[in-house]
Amino acid sequence: MTQLPIHTPYDGSSKPFAIGLKPLDLKEWTEVDDTFDSQLAEKRRLYAEHADRVFVAEEGTEEAQAEVLGLLLDHLPVRFPDRYRRCGEDVVITGIPEREATDLSPLRKASLLVQEDLILMRRGDDGWRLVAGALCFPSSWALTEKFGKPMSSIHGPVPGFGPGTRNAELIDRMFDKLQVVQPVVRVNWSIQLGDALYRPMSNDERNIRKAAPPNRFPDVESAARAFIRIERQTLRKLPVSGDILFTIRIYLDPLSTLKNHPDRAALATSFADQLMELEAEQLDYKGLTADRDLLVAVLKGMA
């Protein structure tokens, strides 16, 4: 039986291109599902084949990286005792006999324990900068292009979030005010062709796509085979370094699974409404300029 979606931000609980941060219970910091083994295997493959594209770190971030690893070592065996077992200064993952090399950077080692990607942000004169990152499953951006840049520049391509915008100022203030005891979470969505987790996109590739929007779903049958890409993002201020850890967890749900959802009509209708409300720049950012109307028709058919 096909698993139903775990997160459905298109149900109206979240608005596209809104900050939408909500308080997070630290017990729910990370999530594990039945794609655990396959996603960790994909991370190991990507590190073997694209290490310089999926991991970056500035000198001087080693202690903060180790702080992230330590927090995960404390959290995981307690939250998921069926998956993790504490073993001295390490944890053992059930069902994964391979032991990672001991000389790995702490953040890279931490990223190989969880399905989440891990991004470390540090306050500087120009705002909160990306100073280290383990990003195996990018959603149409390139880690190496964002490395070392402040949040407003990182969000430059996002409509309404670039330098000088109100949203950019709000995010900086939120980061400044984030409390160690109160992490936050947000969930958003996109739609993609195929089930690839590793989907990098450079700024040049984004400009090419904007100039000639691709038609990825030429008919109803192909649109029905689309995948909903869900990003669950958390922000947690580290108690020792004061840096902020940004986690990104990817879920891929076949659009067709909505047919079997008990709230099919409401979900499909809300999803179609959100697609119809997207402005031209927002559609372009999500790569849906040429496909929006057909996807809406498929969703309305489900409803």
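In this predicted model, the side chains of Asp33 and Arg249 meet in a salt bridge with an N to O distance of 3.0 Å, a salt bridge being a side-chain nitrogen of Lys or Arg within 4 Å of a carboxyl oxygen of Asp or Glu. Asp33 lies in the loop between S1 and H1 and Arg249 in strand S9 (residues 244-254), so the pair ties together parts that are 216 residues apart in sequence. Helices (H or I, at least four residues) and strands (E, at least two) are DSSP runs numbered from the N terminus. Both Asp33 and Arg249 are buried, where buried means under 20% relative accessible area, exposed over 50% and partly exposed in between, with a 1.4 Å probe and protein chains only. Residues are numbered from 1 along each chain as its sequence is written. Because the model is predicted, local features need pLDDT of at least 70 and side-chain atom pairs count only at pLDDT 80 or more, whereas totals for chains, interfaces and linings use all residues, and side-chain values use heavy atoms, with hydrogens and water left out.

By the salt-bridge rule, the count comes to 15. Another of these pairs is formed by the side chains of Lys109 and Asp90, at 3.8 Å from N to O. Lys109 belongs to helix H3 (residues 106-111) and Asp90 to strand S4 (residues 90-93), so this bridge ties together parts that are 19 residues apart in sequence. Lys109 counts as partly exposed at 21% relative accessibility, while Asp90 counts as buried at 15%. A salt bridge also joins the side chains of Arg122 and Asp243 (2.8 Å, N to O), and this pair links distant parts of the chain, with Arg122 in strand S5 (residues 117-124) and Asp243 in the loop between strand S8 (227-237) and S9, 121 residues apart. Here Arg122 is partly exposed, at 23% relative accessibility, and Asp243 is buried, with a relative accessible area of 3%.

Helix H1 (residues 36-54) spans only 19 Å between its end C-alpha atoms, whereas a straight helix of 19 residues would span 27 Å at 1.5 Å a residue; the expected span is 1.5 Å times one less than the number of residues. H1 has a kink of about 75° centred on Ala48, the bend at a residue being the angle between axes fitted to the seven residues ending there and the seven starting there. The buried residues of H1 include Phe36, Leu40, Leu46, Tyr47 and Val54, together with Glu42 and Lys43.

The largest nonpolar core holds 87 residues, of which Trp189, Leu255, Phe271 and Leu275 touch the most other members. Such a core is a set of buried Ala, Val, Leu, Ile, Met, Phe, Trp, Tyr and Cys residues joined through side-chain atoms within 4.5 Å. Helix H2 (residues 62-79) supplies the largest share of this core, seven residues. Leaving aside neighbours within four places in sequence, Phe271 is in contact (heavy atoms within 4.5 Å) with Tyr10, Trp189, Ile191, Ile228, Leu255, Leu258 and Leu299.

Most residues other than glycine have a negative phi. Phe17, although not a glycine, has a positive phi of about 60°; Phe17 is placed in the segment before strand S1 (22-23) and is buried, with a relative accessible area of 17%. Ser140 likewise has a positive phi, near 65°, and is found in the loop between strand S6 (127-134) and helix H4 (143-146).
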